[in-house]
Amino acid sequence: MIQAQSLTKRYGSKTAVDSVDFTVQPGRVTGFLGPNGAGKSTTMRMIVGLDRPSHGSVTVNGKQYREHKAPLREVGVLLDAKAIHTGRSAYNHLLAMAATHSIPASRVKEVIELTGLESVARKRVGGFSLGMGQRLGIAAALLGDPATLILDEPVNGLDPEGVQWVRQLVRHLAGEGRTILLSSHLMSEMAVTADHLIVLGRGRVIADAPVAELIGAANRNTVRVRTPYAPELAALFQSPDVTVTQSEADLLEISGVAAAEIGNQAARAGIALHELTPISASLEEAYMALTQNDVEYRTGGSAGDPAAEHRAADLQESVR
Amino acid sequence: MTTTVAPTAPSAAPAFVASGSGLSFAGLLRSEWIKLRTVRSTIWSYATVIVISLGLALLMSSTLDLQGSMQVTEPEQTSWMIQVSTFGIIFGQLVVAVLGVLSISGEYSTGMVRSSLTAAPRRLPVLAAKAIVLFVCTYIVGLISIVGSYLVATPTMAGKGISASLADPDLFLPLMSAALYLSLVAVFSLGLGTILRSSAGGIAAALGVILLLPTVLQLIPADWVADMMPYILSNAGTDSFVMSGTMEPWQNILIVLGWVAVSLAGAAVLLKRRDA
């Protein structure tokens with residue numbers, strides 16, 4: 001279990017992580033999401049004591065990371081693929097890491113096999129592709145058979161097969177009762193890998209909820225209705241709780257009413273419907289809506305459209 | 001804990017509990033030994049020190065011309081043998097200074113240091129283990145170079161009427177000092193590399209202290225500067241085995257140890273305080 005309490009990191013006048021509180025539970029995969037510069041990596045570095053918090057604290061299984069007698073057995077961490085000396089072979093890197101905790105060479109061979117590095121284990125890391133570097137980083141994280149696994153962008157640079165392998169691996173490890181904290185920019189990947197999400201934006205936690213709940217909250221009961229009698233149908237749903245937008249002559253998007261209710265009302269009024277489709281939001285949309293106001297480095301100069309911002313505010317409210 | 005209790009989510013399995021061997025200083029020493037011997041720069045540096053030493057000993061002993069002086073006193077003979085055996089160390093110190101810097105700056109430039117410090121989050125034991133391993137390895141390489149140089153030079157020197165026995169403390173002790181100085185230069189440079197966290201900066205600083213500092217000070221015509229000269233790292237170091245200075249060898253070694261202590265103390269404070 002990882003617990004952060006008013007965890008804060010300031011670099012000069014810039015606050016990278018702003019009084020963050022969260023708990024990462026064992027036995028499930030927790031996704032760590034947020035735009036670039038949201039403070040994910042900084043938070044992860046603070047968990048393993050590489051960066052010193054400006055304020056607050058973070059503990060792993062009740063103790064600060066550096067207080068543990070066997071840090072590598074407590075936490076396995078992949079921070080970025082570049083945390084490895086390029087002049088050393090993969091095998092020797094793992095051997096040196098293992099030696100600190102008297103982990104036997106047999107375990108080094110095990111993690112090399114597990115991560116599929118047998119063919120390149122004796123080669124110098126400098127010549128590794130991004131994907132190979134990631135596999136080696138994951139091998140190093142698994143070395144101590146740790147109770148907690150922290151992986152920063154583990155699928156970055158992996159091929160589709162590797163992405164699937166990481167997904168199955170972390171799900172398997174979580175099933176063994178381990179604590180898994182995983183960051184990724186790939187929302188589609190998170191949707192199928194994570195059970196729970198912590199979303200960071202501008203150094204603050206903007207959502208901390210199960211994946212299903214986040215997607216559900218983003219859904220907002222929007223239904224797409226196609227009918228030749230669009231104005232007549234729209235007139236049936238004039239209420240402050242319901243928004244009706246007409247995107248084409250025969251196409252309406254109605255929010256705030258269930259699809260069945262729309263169908264019933266249309267039937268009662270004798271309006272023929274050609275299409276009646278509940279629109280379910282993807283995690284991607286939920287994420288975009290959540291982080292709309294919290295993107296540190298926005299592309300282009302335009303602000304988001306007001307409707308989306310309104311939706312984001314609602315969503316943040318609902319998941320808190 | 002006084003803070004809010006997190007909601008207990010139903011988990012499929014009971015929380016996994018870590019088990020197995022833990023972090024130890026012996027483990028860190030072994031780790032640093034593996035790290036040192038598995039990068040090419042170490043092999044190249046040490047090989048260079050040995051080759052340069054033997055080559056220079058051979059060159060110096062064969063070109064040495066005593067200009068017809070028939071009889072060389074015994075202390076003079078010992079002094080010649082010391083000079084021939086340790087001549088390579090003057091150059092070797094520059095090589096091990098580079099190695100000392102690289103052994104830590106290589107970790108900073110590649111990001112390896114983050115792996116090292118997550119394995120040993122208290123940090124200072126990493127620096128200590130690195131210093132010990134570097135010291136021991138460099139001392140052994142120094143001894144090989146110096147004793148090797150002695151052996152290489154002995155036949156030619158004997159032909160010129162100069163000989164000294166390794167069993168003679170007057171020869172043996174200065175040779176040990178020279179190896180000690182060489183390994184302390186490596187550790188001193190390790191400290192500088194840790195402080196500066198950069199290969200280029202660390203090497204420049206180490207070579208600056210060893211080479212440039214005595215040269216620049218020599219150019220300043222002031223008495224107090226002249227008084228400082230024996231306290232410069234490389235002067236004190238060479239004085240400890242060629243006995244050219246006014247101080248006892250152990251005093252020279254203490255001065256060198258002072259430089260090492262300052263460098264390591266600075267490194268320790270910054271390593272502990274800074275974000276990695």
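How far apart do the C-alpha centres of domain 1 of chain A and domain 2 of chain A lie? The points below take up that matter and then the rest of this predicted model.

1. Domains of chain A. The C-alpha centres of the two domains are separated by 47 Å. According to the domain assignment, domain 1 of chain A covers residues 2-210, and domain 2 covers residues 221-279.

2. Make-up of chain A. This chain contains 12 helices and 13 strands. Of its 320 residues, 47% count as buried. Among contacts in chain A with a separation of 6 or more, 68% join residues 24 or more positions apart.

3. Make-up of chain B. Chain B has 10 helices and zero strands, so that its order of elements from the N terminus reads α-α-α-α-α-α-α-α-α-α. Its radius of gyration is 23 Å, well over the 19 Å that the globule rule gives for 276 residues, and chain B is therefore more spread out than a compact globule. Along the principal axes, the C-alpha atoms of chain B fill a box of roughly 95 × 45 × 30 Å. Buried residues make up 46% of the 276 in chain B. For contacts in chain B with a separation of 6 or more, residues 24 or more positions apart account for 82%.

4. Helix α2 of chain B. This helix comprises residues 40-63; at 1.5 Å a residue, its 24 residues should span 34 Å, and the distance of 34 Å between its end C-alpha atoms agrees with that. The buried residues of α2(B) are B:Thr42, B:Ser45, B:Tyr46, B:Val49, B:Ile52, B:Ser53, B:Leu56, B:Ala57 and B:Ser61. An α-helix has 3.6 residues a turn, so residues three or four places apart point the same way. The cover over the buried residues of α2(B) includes α1 (25-37), α3 (74-110) and α5 (124-159) of chain B.

5. Contact between the chains. On the side of chain A, 46 residues are in contact with 40 residues of chain B. Two elements of chain A, α2 (71-74) and α3 (90-100), each give two or more residues to this side. The largest share, six residues, is that of α3(A). By class, the side of chain A that touches chain B consists of 19 nonpolar, 15 polar and 12 charged residues.

6. A:Arg73. This residue lies in helix α2 of chain A. Is A:Arg73 buried or exposed? A:Arg73 counts as buried because it has 23 C-beta neighbours inside 10 Å, where 20 or more are required. Leaving aside residues up to four places away in sequence, A:Arg73 touches A:His101, A:Gly144, A:Asp145 and A:Pro146 in chain A, together with B:Ala18 and B:Gly20 in chain B. A:Arg73 and A:Asp145 are 72 residues apart in sequence, yet their C-alpha atoms are 5.8 Å apart in space.

7. Nonpolar cores. The largest nonpolar core has 155 residues. Those with the most contacts inside this core are A:Leu94, A:Ala139 and A:Leu143. Beyond residues up to four places away in sequence, A:Leu143 touches A:Leu72, A:Gly76, A:Leu94, A:Met97, A:Ala98, A:Ile103, A:Arg107 and A:Val111. Another core, of seven residues, lies apart from the largest one and includes A:Val225, A:Leu233, A:Ile254 and A:Val257.

Technical notes:
Residues numbered from 1 in each chain as written. Chains lettered and ligands numbered in written order. Predicted model: local features only at pLDDT ≥ 70, side-chain atom pairs only at ≥ 80, totals over all residues. Domains from an automatic or database assignment. Contact = placed C-beta atoms within 7 Å. Helix = DSSP H or I, 4+ residues; strand = E, 2+ residues; numbered from the N terminus. Nonpolar A, V, L, I, M, F, W, Y, C, P; charged D, E, K, R; others polar. Rg over C-alpha atoms; globule rule 2.2 N^0.38 Å. Buried ≥ 20, exposed ≤ 12 C-beta atoms within 10 Å, placed from the backbone. Core = buried A, V, L, I, M, F, W, Y, C linked by C-beta atoms within 7 Å. Expected span 1.5 Å × (residues − 1).
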